[in-house]
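Please read the report below alongside the sequence and the coordinates of the model.

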Amino acid sequence: MADAYHAVPITERVYWVGAVDWTLRDFHGYTTRRGSSYNAYLILADRVTLVDTVKKPFKEELLSRVASVIDPRKVEVIVSNHSEMDHSGCLAEVIEEVRPREVYASPMGVKTLAALSPSLSTGITAVADGRSVSLGNMTLSFMETRMLHWPDSMFTYLQEEKLLFSQDAFGMHLASHERFADEIDTAVLEYEAATYFANILLPYAGLMTKLLARVDSAGLSFDVIAPDHGPVWRRNPGWIVERYRRWAQQKRAKKAVVVYGTMWHSTEKMARYIGEGLSSRGVPAKVMAVDAFHRSDIAYEMLDAAALVVGTSTLNNNMLPKVADVLTYLKGLRPSNVVGAAFGSYGWSGEGASQANEVLKEMKVALPLEPLRVRHVPTSSDLAACRELGEKLADMLNA
Ligand code: FEO
């Protein structure tokens, strides 16, 4: 096993020792079609340090990569930047095998790790925000990044290398043999980084903006950003930082998402006409059937769309289950600065569109128009009303 996996040098004294999960396809409801990686890093300082661990089933891969560079028993320090189980699942077992002298986590991390595993309830030292720790010839400093992505999250900065271990931030779910962003197609990076932000970090966009402002005011500069998922940013790390700055501001493009569920194609016809109305007035619409698109694809489109229009048939006095699924998911992601509307066809009771409208209201989507409902199959005048709804929304966005 010791020869199975190899560490990858990131800098002269820092190695990637994580694990690649080629088969991961679901991360809390977010479809991860390209798998993921759980990154951990080994610092060959005077006090050898491991930053983060990996998901439990990948413990041997982690230790094997460490062993390709140094006897794992020589690891003196472990830093747990984030206690979510994709990074801490094997922490207790790694501590048991490696027996480090110190394990560091944020104050919230110490509490969370104790709650996750009884064997992590002692022996972990809390490092306060701003504290530094000497590794002999190198120095780590810590910055709390609460809610990015859990309350315990923190950044660790290796001063001598200007290297930021950023845990979930600046990551993406992408399994690959390539360890560096500059080895991967830019279109893939753009798509996967945006999808990751839209599906994981969007609820904390405001905190992200504050964090980036704090990093700016502290005058921190990065030669390398090493996240806990996906590739390492060793050339132009500003590329991903600038995207985070933009996405966190939730500045929206003249673009609409029309998402719908349909039983007998009536709501689908309405969706298409609404999409036509929007697009005809300069607001390109993505018309997305819940049967054809995964919720996380819809979330990706909502990263920059200015309008969210939701349609549903009525099934047993309710909106369609898949529409409820998407709305529940989007509500949790808390997109802001969005205008919208609800619509749908029905047979006799017709609650679906009103229910969708209520969820949009709860999401604080601006709703300038009443829900548009059509009984059974839309007539040509109904379809004209759908087109008009799209045109009106577009006019509002163009105003
Ligand atoms: Fe990659 Fe929040 O865990």
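The sections that follow take up the basis of the model, its backbone, a strand pairing, a surface patch and the aromatic pairs.

## Basis of the model

This is a predicted model, in which local features need pLDDT of at least 70 and side-chain atom pairs count only at pLDDT 80 or more, while totals for chains, interfaces and linings use all residues. Residues are numbered from 1 along each chain as its sequence is written, and side-chain values use heavy atoms, with hydrogens and water left out.

## Backbone geometry in two loops

The loop between strand S13 (139-144) and strand S14 (154-158) holds histidine 149, which is joined to leucine 148 by a cis peptide bond with omega of about 20°. Helices (H or I, at least four residues) and strands (E, at least two) are DSSP runs, numbered from the N terminus. Methionine 147 is in the loop between S13 and S14 as well, and although methionine 147 is not a glycine, its phi is positive, at about 70°. With a relative accessible area of 28%, methionine 147 is partly exposed (buried means under 20% relative accessible area, exposed over 50%, and partly exposed in between, with a 1.4 Å probe and protein chains only).

Asparagine 337, in the loop between helix H10 (321-333) and strand S22 (339-346), is another residue other than glycine with a positive phi, here near 60°. Asparagine 337 counts as exposed, at 55% relative accessibility.

## A parallel strand pair and its crossover

Strand S17 (residues 253-261) pairs with strand S18 (residues 285-289) in the parallel sense over 5 bridges, where pairing requires that DSSP finds at least two bridges between the two strands. Tyrosine 260 has alanine 289 in S18 as its bridge partner. Between S17 and S18 the chain passes through helix H8 (residues 266-280), and this β-α-β crossover is right-handed; that is, with the strands pointing away from the viewer, the path from the first strand over the helix to the second runs clockwise.

## A nonpolar surface patch

Methionine 263, in the loop between S17 and H8, is partly exposed with a relative accessible area of 36%. Together with Trp264 and Leu315, Met263 forms a nonpolar patch on the surface, with about 350 Å² of accessible area in total.

Patches are made of residues with over 30% relative accessible area and no salt bridge, with like charges joined within 9 Å and nonpolar side chains (Val, Leu, Ile, Met, Phe, Trp, Tyr) within 5 Å. A salt bridge is a side-chain nitrogen of Lys or Arg within 4 Å of a carboxyl oxygen of Asp or Glu, and accessible areas come from the Shrake-Rupley method with a 1.4 Å probe, where for residues only the protein chains shown count as cover.

## Aromatic pairs

The structure holds 11 aromatic pairs; rings of Phe, Tyr and Trp (its six-membered ring) pair if their centres lie within 6.5 Å, and planes under 30 degrees apart count as stacked, over 60 as edge-to-face and the rest as tilted. One of them is the tilted pair of phenylalanine 170 and tyrosine 244, at 4.7 Å centre to centre and 45° between the planes. This pair links distant parts of the chain, 74 residues apart, with phenylalanine 170 in the loop between strand S15 (163-167) and helix H5 (186-201) and tyrosine 244 in helix H7 (residues 238-249). Phenylalanine 170 is buried at 2% relative accessible area, and tyrosine 244 counts as buried at 0%.

Phenylalanine 197 and tyrosine 244 form an edge-to-face pair, at 5.0 Å centre to centre and 80° between the planes. Ring pairs link Phe155, Phe170, Phe197, Tyr244 and Trp247 into a cluster.
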